[in-house]
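Subject: Structure for you to look at

Hello,

Please find the structure below, and take a moment to look through it before you read my notes.

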Amino acid sequence: MNILAIVAHPDDVEINCFGTLLKYFKQGHKIFIALTTSGNQGSNLYNREEIGAIREQEQIDAAKFLDAEIRFLRFDDQRLIDSLELRRDVINAIRWANPDVIFTHYINDVSLDHAVTGKVVTEVMLSLPGKNIMADEPPISKAPSLFFFDTDVGLNFQPEIYVDISNEMESKREAFSKHKSQNEWMENFMKDTRFDAFMEQLSAFRGLQAGFPYAEGFIGHRIHGYLPNYRLLP
Ligand SMILES: [Zn+2]
């Protein structure tokens, strides 16, 4: 299968669905990652161009564990809006990956970039097979299953299904550690934000709920013709 994660920022994959993607990868499936922004406002230590480039490289390094193909859409961080341009590029990204399963942000996430990314993904699903849709990539005929992954620190999110990632946790920590720039600026400017806790404690908390040492939680998104197939989860 082709598995696609569409996220807003470098590090969102590693926090929310890396363990699940790694399980798919170990089973021989192909992993694709698309990012709506490169997190180009995610630092006070560099200018926007510099931090955008640094974070893209960090994402490339983290994705090596998954041998994933990456597509950067490069909209500006922290002010993502639902526009025709974003919809076109998200449609292109989904068609590029031709996925069987899609993971994205929950539409009630408190982060604007997360919520807009998730909302646009859900709303373009019915445009994937249309040849007259404004997009560059050719239409696809598959009906992918769409799953929302966790929100920032789990707020407003109650998973309906869990994936045991206990055997993937060590690699998840290692991949997450590639996002050095985020740890670096939070240590300097957001001292009360524990960056490692986003990933570590959320994985442990979802594991606690599911009866595993570590887990990732998901909610399936229901659209007519595109009902999520829970049996496709690893
Ligand atoms: Zn994010």
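This is a predicted model: local features need pLDDT of at least 70, side-chain atom pairs count only at pLDDT 80 or more; totals for chains, interfaces and linings use all residues.

Residues are numbered from 1 along each chain as its sequence is written, and side-chain values use heavy atoms, with hydrogens and water left out.

The zinc ion is held by His9 (ND1), Asp12 (OD), Asp12 (OD) and His114 (NE2) at 2.0 to 2.7 Å, where donors are N, O and S atoms within 2.8 Å of the metal (3.2 Å for Na, K and Ca), and because water is not among the atoms, sites may look incomplete. Along the chain, these donors follow the spacing H-x2-D-x101-H. Both histidine 9 and aspartate 12 are buried (buried means under 20% relative accessible area, exposed over 50%, and partly exposed in between, with a 1.4 Å probe and protein chains only).

Turning to helices, which are DSSP runs of H or I with at least four residues, numbered from the N terminus, phenylalanine 189 lies in helix H7 (residues 180–189), and it counts as partly exposed because its relative accessibility is 44%. Leucine 84 belongs to helix H4 (residues 84–97), and with 59% relative accessibility leucine 84 counts as exposed. Leucine 84 and valine 120 are 36 residues apart in sequence, and their C-alpha atoms are 10.0 Å apart in space.

Best wishes

Note on methods. Helices (H or I, at least four residues) and strands (E, at least two) are DSSP runs, numbered from the N terminus.
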